[in-house]
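Please look over the model shown below. The briefing that follows covers its sheets, helices and nonpolar cores.

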Amino acid sequence: MARIKDVAKLAGVSTSTVSLVLNNKGYVSAATRAKVEAAVKELHYVPSEVGRNLSLNRTNLIGVIIPDVAHPFFAALLHEIEIALYDYGYKTMICSTGEKKNAELAFLEMLRRHTMDGLIIGAHALHIENYRHIDLPVIAFDRYLCDEIPIIRADHHQGGQLAANALLRRNPHHVVQITGAQTIHTTAHEHENIFASCIEEAGVQLNNIVVPANALQPKDFASAAREIFERYPDVDAISGADLGAICALREAIRRGRRCPDDLSIVAYDGTYLTRLGPQTMTAVVQPIPALGRRAAEAIVHRIRSEELPSLTPLPMTFQEGETC
């Protein structure tokens, strides 16, 4: 296998000149460039990507931190981010923080040591103090870290209104909302708060079932679904993230309840799971492909020290289903 020294010897130039040609940096005369390129072609020389990246102080790696790679929403989002980053010439390093101690901190340290070029944070484990005064390419997804770090998100204010209005059209008497723990600093809580405001302003009874922080497994939502019917047997409307809504539908069927005849359910996220069962779930749909592309675009702009594109919240859509 040819080395850069072999190319330099054949072209009759120094290795530093070969490096300038390969990296398209600095001034090299047209005649010298032609000799180097001819030598590269003759020797079938393939530059070391690691060496080139080191010389350019880059890795072409971007870290993406999510709570759980198996969760349907985060899996779909990660898929879109990875495709978009690949189109920009970057590879993705994935960190799923579920059941791992200090995983998020480890990725942050890798960024500080320049073993990756940027970081997209979508997990909710580390204290936000770790991100204050950090002058590195970081983008947050649905999470407030500090004023200096941009946030990629959907319009959760609109999402909360869509979910509430869908249920209110059914004239419910008792609504239960499956929510996440408020200890997590996520902008997604906005849809839960707006949903609650809309239901309460309509004069309808509302109760919340809180899923513990970072409890993202199906068993966690199945437990929440059982709790709904045990604590509130008169419930006639339920809203929650996809897994919570689907588990609520399954528990309702097990208890002889019928959707939408005597129980209405609205899912929030609208991943593929809401279209797999015997009933298509009524759902508020997050624009996952657009969110993934925007996250990739934003982190690349930060790495290149370019002005960020508009980061206004992306609009939600509504999926008409058979559960509401």
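Two strands pair if DSSP finds at least two bridges between them. Helices (H or I, at least four residues) and strands (E, at least two) are DSSP runs, numbered from the N terminus. This is a predicted model, in which local features need pLDDT of at least 70, side-chain atom pairs count only at pLDDT 80 or more, and totals for chains, interfaces and linings use all residues. Residues are numbered from 1 along each chain as its sequence is written, and side-chain values use heavy atoms, with hydrogens and water left out.

- An open sheet of six strands runs in the order 7-6-8-9-10-11, and its pairing is mixed.
- Strand 7 (205-211) and strand 11 (317-319) are the edges; each has a single partner strand, so one side of each lacks a neighbour in the sheet.
- Neighbouring strands of this sheet are turned by 20° against each other on average, direction ignored; axes are lines fitted to C-alpha atoms, for helices over the stretch in contact, and angles run from 0 to 180 degrees between N-to-C directions.
- Strand 6 and strand 8 are parallel and share three bridges; in strand 8, Ile238 is the bridge partner of Val176.
- Strand 8 (residues 237-241) and strand 9 are also parallel, joined by five bridges.
- Ile238 has Ile265 as its bridge partner in strand 9, and Ala241 stands opposite Tyr268 in strand 9.
- Helix 9 (residues 218-231) packs on the sheet and touches strand 6 (174-180), strand 7 and strand 8; the direction of helix 9 makes about 150° with that of strand 7. Contact here means heavy atoms within 4.5 Å.
- Four of the five residues of strand 8 are buried, so strand 8 is largely enclosed by the rest of the structure. Buried means under 20% relative accessible area, exposed over 50%, and partly exposed in between (1.4 Å probe, protein chains only).

- Five strands form an open sheet with parallel pairing, in the order 2-1-3-4-5.
- Strand 2 (91-96) and strand 5 (151-152) are its edge strands, and each pairs on one side only.
- Strand 1 and strand 3 (residues 118-121) run parallel and are joined by four bridges; Ile65 stands opposite Ile121 in strand 3.
- Helix 5 packs on this sheet against strand 1, strand 2, strand 3 and strand 4, with its direction at about 170° to that of strand 1.
- Helix 11 also packs on the sheet, touching strand 1, strand 3, strand 4 and strand 5, and its direction makes about 160° with that of strand 4.

**Helix 7 and Gly160**

- Helix 7 has 13 residues and reaches 18 Å from its first C-alpha to its last, close to the 18 Å expected at 1.5 Å a residue. The expected span is 1.5 Å times one less than the number of residues.
- His156, Gly159, Gly160, Ala163, Ala164, Ala166 and Leu167 are the buried residues of helix 7.
- Seen down the axis of helix 7, these residues fall within an arc of 160°, so they line one face of the helix; the arc is that of the directions from the helix axis to the C-beta atoms.
- The cover over them includes strand 6, helix 8, strand 8, strand 9, strand 10 (282-285) and strand 11.
- Gly160 belongs to helix 7 and counts as buried because its relative accessibility is 0%.
- Apart from neighbours within four places in sequence, Gly160 contacts His191, Ile194, Phe195 and Tyr268.

**Helix 8**

- The end C-alpha atoms of helix 8 are 18 Å apart, which agrees with the 18 Å that its 13 residues should span at 1.5 Å a residue.
- The buried residues of helix 8 include His189, Glu192, Ile194, Phe195 and Cys198.
- Helix 7, strand 6, strand 7, strand 8 and strand 9 are among the elements that cover the buried residues of helix 8.

**Nonpolar cores**

- The largest nonpolar core has 41 residues, and Leu85, Val175 and Phe195 have the most contacts inside it. Such a core is a set of buried Ala, Val, Leu, Ile, Met, Phe, Trp, Tyr and Cys residues joined through side-chain atoms within 4.5 Å.
- Elements giving two or more residues to this core include strand 1 (61-66), helix 5 (72-87), helix 7 (156-168) and helix 8 (189-201).
- A second, separate core has 25 residues, among them Ala224, Ala225, Ile238 and Ala267.
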